[in-house]
Amino acid sequence: MPKNQDVIAIYSRKSRFTGKGESIGNQVELCRAYIRTAFGDAYADGAKVYEDEGFSGGNLNRPDFKRMMKAARDHQFKAVVVYRLDRISRNISDFSALIEELGRLEIDFVSIRESFDTSNPMGRAMMYIASVFSQLERETIAERIRDNMHELAKTGRWLGGTTPTGYTSEAVKTITVDGKSKRACKLKVIPEEADIVRKIYDLYIETDSLTMTEAELLRQHIKTKTGRNFTRFSIRGILQNPVYLIADQDAYQYFVEKQADLFSAPEEFDGVRGILAYNRTDQEKGRATVYLPTSEWIVSVGQHPGLIPAKTWIKVQESLERNKSKGYRKPRSNEALLTGLLWCRCGNRMYPKLSKRFTAEGKPIYTYVCKMKERSKRSLCNRRNAHGNLLDAAIVEQVKSLASNDSTFLTQLEKSKRFYTGNREEYDKRLEDLRQQQAETQRKINALVDSLADFGDSTVAIHVRKRLEELHAQDTELQARITELEGLTAQHALSGIEFDLMRQLLTVFRDGIDEMTVEQKRAAIRTVVRKVIWDGQYAHVVLFGAVDEDVDWRDAADVLPALDIRNPEGAEEDTEDLEPFGDVDYEEEETSHDIPAETPWGEDSK
């Protein structure tokens, strides 16, 4: 793996420009000031700045963030500094994946507001905890927005934006009880466009096919309201839009059965007016619109006339859902816990794939497959796949066991605590002595430098220069000893409070990990597990704090704890029979920098 360049990156984000508070410029200057203090002027002046203004922290789809991550993968810097944790993301899943990737690239992450870094278990644990609170804040904001939608739904008015085909928006002026004028909008039918909408519904009912409906509209040269040809996507949008649905009793019963959030009484479903549905989609900059289930809609009777009878509209929805299930279905979201942590003994990453089998409880069975095995068609690696469900369950049990008093991980933490409390005072005293000696040496150097001008070219100046060289060498040696001691005091040093907090976190994981979501389980595992190595039969867990030089990768079973995860009889799947998960990037071809790659056939083929 190429070495990261000796440069530091600054990332800043703000949802919208305000010109005050934590502006983009303020964030950058605060980060630069931190870098100047921690690393020096050269690093601060040469920092690479990435800025995203006008983008939400709800996801990572931001232009400069993507540019920064591309530079990170090209190893263009060694650390990322942000002003505050939520400038990166308010989503715990995105955040944990980001920290994992930066760790794999050997790039440090620093948040100056929370004083977090990723170089020790405590920093990682605290980062995940803080990201949970950031996500909680985001969900609280979303709840307030939903409350506002509830209030708007009571009015049944059009809120603006692109009007649907068949309608235009018109202003309605009303006078309130206190004599004030109030202006609102409602939808008004455009007859010729309304006829096109009815034709689309008729064609789909007749053909039961989006493709055939599209073909017939093209044949008849029927265009959209913007003069373009209809596509299957635009046709589906019209067919799914409840704005055309006539609010009759069939419509009311449909939304009751679908458990939508109804804000109109049964008597308001008068068989004339149409429906307005709020919160139908989840739209975020940088990604495709996600349609939410009907149970999350906020529904009210609008002030506009409907176009399509409820029986017809409901029949179309049932047909669309039925046809969708017949077509290609994108594989489900990734449920594998070790994505990004699991490596094959050959030195290549292992990815989860979905099999066609199910457990006794009806859960899909997934398998971890070596990337090299798949790419080389078994010629460069032929180890057995890892049974994903069994391996994940075993790792969860290992994390739970770390809270026990006799666990190896707690033993390592105890050693770190004893070092901190036992040796730290002595080291601090030695550091103070060395710094005083260095200050005195530098004082003498400055005094001799000032005196050189008085001696000019005399022989005394020769002795002064010789003495200056001796003092300079002494200063260099003192600085080296100071740097060495500072490194010793920082390495693996946990205070008593930090140690107790880590024990409490492990206890929380032990008692509650079974009830956690997939994302929370991943976060818990990544707090203490650095990687897992699969040798075809055993899984070897490497905890944070383990020194790579102490691990003999050629005989890992004698060095690392081994989890026996032999596949059940017949569980080995042909990789061609496995389906990819929908949200896993299978294109990465990086090799783990700290797992030595084997010879083409591997040691155990000799």
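**Reading a predicted model, term by term**

User: What makes strand 17 (residues 529-534) and strand 18 a pair, and in which sense do they run?

Analyst: This is a predicted model, to start with. Strand 17 and strand 18 are joined by five bridges and run in the antiparallel sense. A pair needs at least two bridges, so five bridges are enough for strand 17 and strand 18.

User: Which residue of strand 18 stands opposite isoleucine 533?

Analyst: That's histidine 540.

User: And what is there to see in the hairpin of strand 17 and strand 18?

Analyst: Three residues sit between the two strands, and glycine 536 has a positive phi near 100°.

User: Why is strand 18 (residues 538-543) called largely enclosed?

Analyst: Buried means under 20% relative accessible area. Five of the six residues in strand 18 count as buried, so the rest of the structure largely encloses this strand.

User: How do you know whether threonine 224 is buried or exposed?

Analyst: Set its value against the cut-off: the relative accessibility of threonine 224 is 18%, and buried means under 20%. Threonine 224 therefore counts as buried. You'll find threonine 224 in the loop between helix 7 (210-219) and helix 8 (232-240). Leaving aside neighbours within four places in sequence, threonine 224 touches Asn229 and Phe230.

User: How are helix 7 and helix 8 set relative to each other, and why is that word used?

Analyst: The two helices pack at about 105°, and their axes are 9 Å apart. Angles of 65 to 115 degrees count as roughly perpendicular, so helix 7 and helix 8 are roughly perpendicular to each other.

User: Which residues make that contact?

Analyst: Helix 7 brings Leu210, Thr211, Thr213, Glu214 and Leu217, while helix 8 brings Arg232, Ile235, Arg236 and Leu239. Sorted by class, the contact has four nonpolar, two polar and three charged residues.

User: What makes strand 16 and strand 20 edge strands?

Analyst: Take the open sheet of four strands first: its order is 16-15-14-20, and the pairing is antiparallel. Strand 16 (386-387) and strand 20 (579-580) each have a single partner strand, so one side of each has no neighbour in the sheet.

User: How many bridges join strand 14 (residues 350-358) to strand 20?

Analyst: Two, in the antiparallel sense. The cut-off is at least two bridges, so strand 14 and strand 20 count as paired. Lysine 353 of strand 14 stands opposite proline 580 in strand 20.

User: Which helix lies across strand 15 (364-370) and strand 16?

Analyst: Helix 12 (residues 388-401), which runs at about 85° to strand 15.

User: Where is confidence lowest and highest in the chain?

Analyst: Helix 5 (residues 121-153) has the lowest mean pLDDT, 59, and helix 6 (residues 191-207) the highest, 94. The chain averages 75, and 66% of the residues score at least 70. Residues 547-560 stay under 50, with 22 contacts beyond four places in sequence. Residues 588-606 are also below 50, and that stretch has 44 contacts beyond near neighbours in sequence.

Notes: Residues are numbered from 1 along each chain as its sequence is written. This is a predicted model: local features need pLDDT of at least 70, side-chain atom pairs count only at pLDDT 80 or more; totals for chains, interfaces and linings use all residues. Side-chain values use heavy atoms; hydrogens and water are left out. Buried means under 20% relative accessible area, exposed over 50%, partly exposed in between (1.4 Å probe, protein chains only). Contact means heavy atoms within 4.5 Å. Axes are lines fitted to C-alpha atoms, for helices over the stretch in contact, and angles run from 0 to 180 degrees between N-to-C directions. pLDDT is the predictor's confidence in each residue, from 0 to 100. Angles under 35 degrees count as roughly parallel, over 145 as roughly antiparallel, 65 to 115 as roughly perpendicular and the rest as oblique. Ala, Val, Leu, Ile, Met, Phe, Trp, Tyr, Cys and Pro count as nonpolar, Asp, Glu, Lys and Arg as charged, and the others, Gly among them, as polar.
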